[in-house]
Amino acid sequence: KIICTTGRELATRLLSRWRRGVRRQKAAKSSPSGVIRIEKGLRDKCRALLAKVLEKAASTREGKALSAAAAAKIREQASDIEAGVLDECSRSLLSSSVRVRDVRDVYRKNIRRLLANLQGTQEGSIAARVLKGDVSARQLARMSQEELAPTVMREERKRRRDQELSAIEKFSRANVSDEKCPECGAEGMTVSVARVGGTYAEERQQALLYRCTSCSYTSRDAG
């Protein structure tokens, strides 16, 4: 029996962690190659949705209805993609980044993410790259949101980031202004540029930061 409160809390955490590890091992052993079990009905529905999106993208690119052979090949691709998503869920579970009870939600979330990104049919889109064989099913399942974006969009984002970095480098060279420090009243504050606000990089904006050379007081605005 543990009397110390700190010791009891530590023992509780260790026991909880051990139980989670046991559940993960049981879940991994319950199906081949450590893949987590998902209801057959849900898996069939996801395969059908993936096949439908890919068939639509292929028919739009070809400008005509698909042949039976082409449709069968796309259904096979959809099945491979769905299996890849399931493997990634299993990998996340075994790496302790996902709990057993959350695997189903992660699986559905990843399927929805792929369905949304496979809607595009323009040249360089992820759907076009998958249909041409440039991206395999396993690679598709592991791609980040940035990698799933069309080639044109990724190049545009890279161009904007390069421009922002270039602007930051120019302004980061300690430009001295004639502003007075609101804290100590000394003249001469260095000006630099920083990205502030927002949760994601795309939401952040550039802002001027003023720093007093005497007392090191820093503010976003000179006043």
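**Notebook: salt bridges, cores, cysteines and a hairpin**

I searched the whole structure and found 13 salt bridges (a side-chain nitrogen of Lys or Arg within 4 Å of a carboxyl oxygen of Asp or Glu). I note that this is a predicted model, where local features need pLDDT of at least 70, side-chain atom pairs count only at pLDDT 80 or more, and totals for chains, interfaces and linings use all residues. Residues are numbered from 1 along each chain as its sequence is written, and side-chain values use heavy atoms, with hydrogens and water left out.

**Entry: salt bridges**

I began with Arg 47 and Asp 44, whose side chains form a salt bridge at 2.7 Å, N to O. Both residues sit in helix H2, 3 residues apart, which is about one turn of the helix. Helices here are DSSP runs of H or I with at least four residues, strands are runs of E with at least two, and both are numbered from the N terminus. I looked up accessibility too: Arg 47 is partly exposed at 22%, and Asp 44 is partly exposed at 31%. My cut-offs for relative accessible area are under 20% for buried, over 50% for exposed, and partly exposed in between (1.4 Å probe, protein chains only). Arg 47 and Asp 44 also belong to a salt-bridge network with Lys 40, Arg 43 and Glu 82.

Next I checked Arg 75, which has a salt bridge to Glu 55 with the closest N and O atoms 3.9 Å apart. Arg 75 is in helix H3 and Glu 55 in helix H2, so this pair ties together parts 20 residues apart in sequence.

Then I turned to Arg 142 and Glu 88, a salt bridge whose closest N and O atoms are 2.9 Å apart. Arg 142 lies in helix H6 and Glu 88 in helix H3, so the pair links parts that are 54 residues apart in sequence.

**Entry: nonpolar cores**

In soluble globular proteins, nonpolar side chains tend to be buried together. I looked for such cores here (sets of buried Ala, Val, Leu, Ile, Met, Phe, Trp, Tyr and Cys residues joined through side-chain atoms within 4.5 Å). The largest one has 30 residues, and among those touching the most other members are Leu 50, Ile 81, Tyr 107 and Leu 140. Which helices each supply at least two residues of this core? They are H2 (40-62), H3 (68-94), H4 (103-117), H5 (126-132) and H6 (137-142). H2 gives the largest share, 8 residues.

I followed up Leu 140: beyond its neighbours within four places in sequence, its contacts (heavy atoms within 4.5 Å) include Ile 81, Leu 114 and Leu 148. A second, separate core has 6 residues, including Met 189 and Cys 212.

**Entry: cysteines**

How many disulfides does the structure hold? I found 0, using a cut-off of 2.5 Å between a pair of cysteine sulfur atoms. Cys 215 is in no disulfide, and its nearest cysteine sulfur, in Cys 184, is 3.6 Å away. Cys 215 is partly exposed at 36%, whereas Cys 46 is buried at 6%.

**Entry: a hairpin**

Last, I traced strand S3 (residues 205-212) and strand S4 (residues 218-219), which pair in the antiparallel sense over 2 bridges; pairing requires at least two bridges found by DSSP. Arg 211 stands opposite Thr 218 in S4. S3 and S4 form a hairpin with 5 residues between them, and Ser 216 in the turn has a positive phi of about 65°.
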